[in-house]
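Please open the structure in your viewer and keep the selection tool at hand.

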Amino acid sequence: MLRGMIVLAGLLGAAGTAHADSRFFCSADDTQARFTVESGFASDAGHKLIHFRGALVVKDQAQSSVFGKRVFESQHLTNHWSRDGELLLEIVDGGEDDTGGATLDLVVVAGERGKPASNFTGSYSLKIEGGDKPYAVEGKVSCGTK
């Protein structure tokens, strides 16, 4: 009887964790940029965004005067996807008054569909347009789940 209750408790606990909300974090630090982003998605149908935040430092001297240090919030996350081990985040800083009309587009693609993992890698692409000269770089990103 006791063993049956322990097994039942374990199954109920596992069922509870299967429906837990998903939280992801990704970061990169290379010669071009340093950033970290964190997002949370609801576990129910549609995987609604629960929260998002991030920060970015562009290391290129020609770009750092405008986008040297930026903080991102939910309104900057324009596209997101999380499904079965795959993660896509697109962050757009749309050229407010403090950027002189320049826009920043950061895309993170990580993981592999069908292979969920607590730690996974991927790539990022960073584009800045509308400034003195276009800027585009790519690099590697490390991600994980909480």
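Begin by selecting Leu-56 together with the residues in contact with it. Leaving aside its neighbours within four places in sequence, Leu-56 touches Ala-33, Arg-34, Phe-35, Gly-68, Lys-69, Arg-70, Phe-72, Leu-104 and Leu-126. The model is a predicted one. Colour strand β3, residues 49-58, to see the element in which Leu-56 lies.

Next, show Leu-56 and Phe-35 as a pair. In sequence they stand 21 residues apart, yet their C-alpha atoms are 4.2 Å apart in space.

Is Leu-56 buried or exposed? Leu-56 has a relative accessible area of 1%, and it is therefore buried, the cut-off for this term being under 20%.

Now move to helix α2, residues 61-67, and select Gln-63 within it. Which residues does Gln-63 contact, leaving aside its neighbours within four places in sequence? They are Val-58, Gly-68, Ile-128, Lys-133 and Tyr-135. Gln-63 also counts as buried, because its relative accessibility is 7%.

Finally, turn to the strands. Select strand β6 (residues 86-93) and strand β7 (residues 103-111), which pair in the antiparallel sense over eight bridges. Within this pairing, highlight Leu-88 and its bridge partner in β7, Val-109.

Note on methods: Residues numbered from 1 in each chain as written. Predicted model: local features only at pLDDT ≥ 70, side-chain atom pairs only at ≥ 80, totals over all residues. Heavy atoms only, no water. Helix = DSSP H or I, 4+ residues; strand = E, 2+ residues; numbered from the N terminus. Buried < 20%, exposed > 50% of the residue type's maximum accessible area, 1.4 Å probe, protein only. Contact = heavy atoms within 4.5 Å. Pairing = 2+ DSSP bridges.
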